[in-house]
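I opened this notebook page to record what I looked up in the model, taking the ligand site and then the contact between the domains. The entries follow in that order.

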Amino acid sequence: MTRADAPVTPPVVLTVAGSDSGGGAGIQADVKTIEACGGFGTSAITSVTAQNTTGVQGQHLLPIDQIEAQIEAVTGDFDVAAVKTGMLATSDVIDLVVEHAADLPNLVVDPVMVAASGDRLLAAEAEDAYEALIAEAAVVTPNADEAAVLTGRDVDNPETAERAGRDLVEMGADSALVKGGHVPGDAVVDTLVTEDGVTTFRHDRIDTEATHGSGCTLSSAIATQLAHGDDLPTAVGDSIDLLASAVRYNLDVGEGPGAVHHLVQTRNDAARHPTSEAVERAVSALVEADVSTLVPERGMTVAGATPYAETPDAVAAVEGRIARTMDGVRPNRGVRFGASTTVARALLAAREHDPAIRFAVDCRLTDAVEDALASLDGRVAAYDPGERPNGVSDDATAQWGVDRAFGTSDGTPVAVVGREGVGTDGRAMLLAADADDLVSQVETVHETVRDDG
Ligand SMILES: Cc1ncc(COP(=O)(O)O)c(N)n1
């Protein structure tokens, strides 16, 4: 018997860029990102660089007719839906792309000039040639330094970024995304300028040097989203979110600063099922162990975050919580992602301080529980709910408290406790990188309370 095939037709995206032997930037970053975003990645290689995480050791420009042959091979066969350019190396290569612009829809121009390592990737004579390519771009994505070269304006704050963006649109680009990564400040502000107006995208800065490949990844993601038919602000906003995760959970590879994690969202999505299964197993184990001494009046919640979780949407929790019954404890309902429980948000707050933490459970806090927690192998961090600022609601107290407790703890605690006052039950949140470890900690505390009581 033969089987029916089931072809799929992802949108085809072409990258015209240099090869990075180190795998973090260039063609390698582009194809990984295009595929991660659901496109089919094709390439025209302009230059082969000998490169790794420490820098660029050599560059070999391909003959211009070979670059042209690659562009024609791809555009002549595939229905190309979007294109990005990266390292174009010389004015001849830039001119070549301009000549083929009519065959290059949704053209995203990342005007690569200097690598993150400081090595030049564009001949100085070629800077002026970019003007003609910018006129063909759906979006041009310079960082502050590139925007300064292209417009002659110093870009050092959102206002000057906007002015440079307007200059680029006047040069003929449909839009300009002036990136804020090179502008100092605790927040990174990216500025999107179109004929219609200005949109800014703000992210907390991530404290890392491992940004190699960030521009390549961002422009490839934007091109792929445009290839899917997304409108420009959506394509840009989603791609910036992807890059923020790719930088936060960067790849610690090589001797130099590592590279961005091109597949971060794909891997995170793939981890959803194992994560919810781990939460389910933890719940079953706690039911089995009958940890009733620790179940709060309001019930017990177990939550598990995917490895790269940033929002409640990526945290699985027992909805309805584990409740005390006449004959033990049982979960009221199933495990669900996105249940915006107090514990899910507190877990995310803990992950701001230590992203290795993935599982949390909230327990009743009594004097006996507090004593038992002290027997755990690890420190217990405390906060005083009475000190919470006026703007923090009851629901957000645990989240605020976890952040507060981590801020005052010397290292990652195994538990965070908050008590309103003498004689009242407070909240204890146990935290772990591993669901099995979390269960054994809860069991240890429960057994200690039971045996001492
Ligand atoms: C082939 C090639 N293309 C682009 C970049 C820029 O990437 P980054 O500035 O992140 O090093 C690079 N280093 N190598």
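Entry, ligand site. I listed the surroundings of the ligand in this predicted model and found 16 residues around it, the closest being Gln51, Ala116, Leu121, His212 and Gly213. I then went through the polar atoms that face ligand oxygens, and for Gly213 I noted a polar backbone atom 2.6 Å from an oxygen atom of the ligand. For His212 it is the side chain that takes part, with an N or O atom placed 2.8 Å from an oxygen atom of the ligand. At Ala116 I again read off a backbone N or O atom, here 2.9 Å from an oxygen atom of the ligand. I next asked how much of the ligand the protein buries. The ligand taken alone exposes 360 Å², and 92% of that is buried by the protein.

Entry, domain layout. I looked up the division of the chain and found domain 1 assigned to residues 12-261 and domain 2 to residues 266-452. I noted that their C-alpha centres lie 42 Å apart.

Entry, domain interface. I recorded that 5 residues of domain 1 are in contact with 9 residues of domain 2, and that the two domains bury about 570 Å² between them, with 46% of it on carbon and sulfur atoms.

Entry, polar pairs. I counted 1 salt bridge between domain 1 and domain 2, and I looked at the pair formed by Arg248 and Glu310, a salt bridge whose closest N and O atoms are 2.7 Å apart. Across the interface of domain 1 and domain 2 I also noted 5 residue pairs in polar contact. Sorting by class the side of domain 1 that touches domain 2, I listed 2 nonpolar, 2 polar and 1 charged residues.

Conventions. Residues are numbered from 1 along each chain as its sequence is written. This is a predicted model: local features need pLDDT of at least 70, side-chain atom pairs count only at pLDDT 80 or more; totals for chains, interfaces and linings use all residues. Side-chain values use heavy atoms; hydrogens and water are left out. Domain bounds come from an automatic or database domain assignment. Contact means heavy atoms within 4.5 Å. Buried area is the accessible area (1.4 Å probe) that two parts lose on being put together, summed over both. A salt bridge is a side-chain nitrogen of Lys or Arg within 4 Å of a carboxyl oxygen of Asp or Glu. A polar contact is a pair of N or O atoms within 3.5 Å; within protein, one must be able to donate a hydrogen and the other to accept it, and residues adjacent in sequence count only if both atoms are side-chain atoms. Ala, Val, Leu, Ile, Met, Phe, Trp, Tyr, Cys and Pro count as nonpolar, Asp, Glu, Lys and Arg as charged, and the others, Gly among them, as polar. A residue is near a molecule or strand if one of its heavy atoms lies within 4 Å of it. Accessible areas come from the Shrake-Rupley method with a 1.4 Å probe; for residues, only the protein chains shown count as cover.
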